[in-house]
Amino acid sequence: TNNNAAGGVGTAPGMTGGGNGPTGNESVSLGTATQTHEVRMPMLLSTFKPATGCTNASDFIVRCFVARLRSGITVVKHGRSRWCKSRLRVLHVHSDGRSLSWKPALGEPSSGKRPPKLDLTTCREVRHAWSPDPDNPMFTGTPILRQKCEAANAHKSFALIFPKRTVDITAVTADQCKVLMEGFSALCFRLHVAQKVATGG
């Protein structure tokens, strides 16, 4: 199905975007438009705040990001406990496309605990380490990022804000951080919109 929220792809009456390959110039241009068309999101949904500067929630970005998450993305995850070390973890999304988990990266010790499963439809915000903390306006990021993330890594760090916890991450590179923040912002935004439509909210 074609879920372009902005509806600006310019589909001609009677045409669908789900054909089996190009049958003419129209299909080629439609396919290209579907992939490149940007669904601009309002910077503040009542239920979700994307990372600063992340405003593109196109099908293409969401699909690519989910595909990467399904195969696993290695990051440094900062533990919530004061005594818990920051360790390499592989983030991945379950087949439902909305449940986020992680597991130890190759060579990292396993804790023996069952891996968490967080519902991305409940993620309230994607926040860069340099973005203001609404709970502590004098500070940026989250309490865990301020405590665990070294200043030299702040530029490539961010957090997913859930109602009862945060998931605090330092990416391997600044580019990876940008991809992750844009991807999570787009995916969570689309999940929130879909939930609003489903519940009529």
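The legends below describe several close-up views of a predicted model.

The model is a prediction, in which local features need pLDDT of at least 70 and side-chain atom pairs count only at pLDDT 80 or more, while totals for chains, interfaces and linings use all residues. Residues are numbered from 1 along each chain as its sequence is written, and side-chain values use heavy atoms, with hydrogens and water left out.

**View 1. The protein chain and its elements.**
The protein chain holds four helices and nine strands, where helices (H or I, at least four residues) and strands (E, at least two) are DSSP runs numbered from the N terminus. Read from the N terminus on, the elements follow the order α-α-β-β-β-β-β-β-β-α-β-β-α. Of the 201 residues in the protein chain, 41% count as buried; buried means under 20% relative accessible area, exposed means over 50%, and partly exposed lies in between, with a 1.4 Å probe and protein chains only. Among contacts in the protein chain with a separation of 6 or more, 53% come from residues 24 or more positions apart, a contact being heavy atoms within 4.5 Å.

**View 2. The open sheet of seven strands.**
The strands of this open sheet stand in the order β4-β3-β2-β1-β9-β8-β5, with antiparallel pairing. Because β4 (118-119) and β5 are at the edges and each has a single partner strand, one side of each is left without a neighbour in the sheet. Two strands are said to pair if DSSP finds at least two bridges between them. In a regular strand the side chains alternate between the two faces of the sheet.

Strands β1 and β2 run antiparallel and are joined by five bridges, with Val-76 standing opposite Leu-88 in β2. Five bridges also join β2 to β3, again antiparallel, and His-92 has Ser-101 in β3 as its bridge partner. The hairpin formed by β2 and β3 has five residues between the two strands, and Gly-97 in the turn has a positive phi of about 75°. Strands β3 and β4 run antiparallel and are joined by two bridges, where the bridge partner of Leu-100 is Leu-118 in β4.

**View 3. Strand β9 between β1 and β8.**
On one side, β9 pairs with β1 in the antiparallel sense over three bridges, and Asp-168 in β9 is the bridge partner of His-78. Strand β8 (residues 157-161) pairs with strand β9 (residues 166-170) over five bridges, also in the antiparallel sense, and here Leu-160 stands opposite Val-167 in β9.

**View 4. The largest pocket.**
About 570 Å³ of space lies in the largest pocket. It is lined by 22 residues, of which Lys-77, Arg-89, Trp-102, Ser-111 and Lys-113 are the closest to its centre. On a 1 Å grid over the protein atoms alone, a pocket is an open set of points where a 1.4 Å probe fits, with protein on both sides within 12 Å along at least five of seven lines, and lining residues have an atom within 4 Å of a point. Grid points are joined across faces, edges and corners, and the volume is the space filled by probe spheres set on the points. The strands β1 (73-78), β2 (87-93) and β3 (99-104) each supply at least two residues of the lining. The lining residues divide into six nonpolar, seven polar and nine charged, where Ala, Val, Leu, Ile, Met, Phe, Trp, Tyr, Cys and Pro count as nonpolar, Asp, Glu, Lys and Arg as charged, and the others, Gly among them, as polar.

Just after α4, Gly-200 takes a positive phi of about 70°. Leu-180 is found in helix α4 and is buried, with a relative accessible area of 1%. Leaving aside its neighbours within four places in sequence, Leu-180 is in contact with Phe-65, Ile-73, Val-75, Phe-158 and Ala-171.

**View 5. Two serines in loops.**
Ser-131 lies in the loop between β5 (125-128) and β6 (132-133) and is buried, with a relative accessible area of 12%. Apart from its neighbours within four places in sequence, Ser-131 is in contact with Thr-52, Thr-140 and Gly-141. Ser-81 lies in the loop between β1 and β2 and is partly exposed, with a relative accessible area of 34%.
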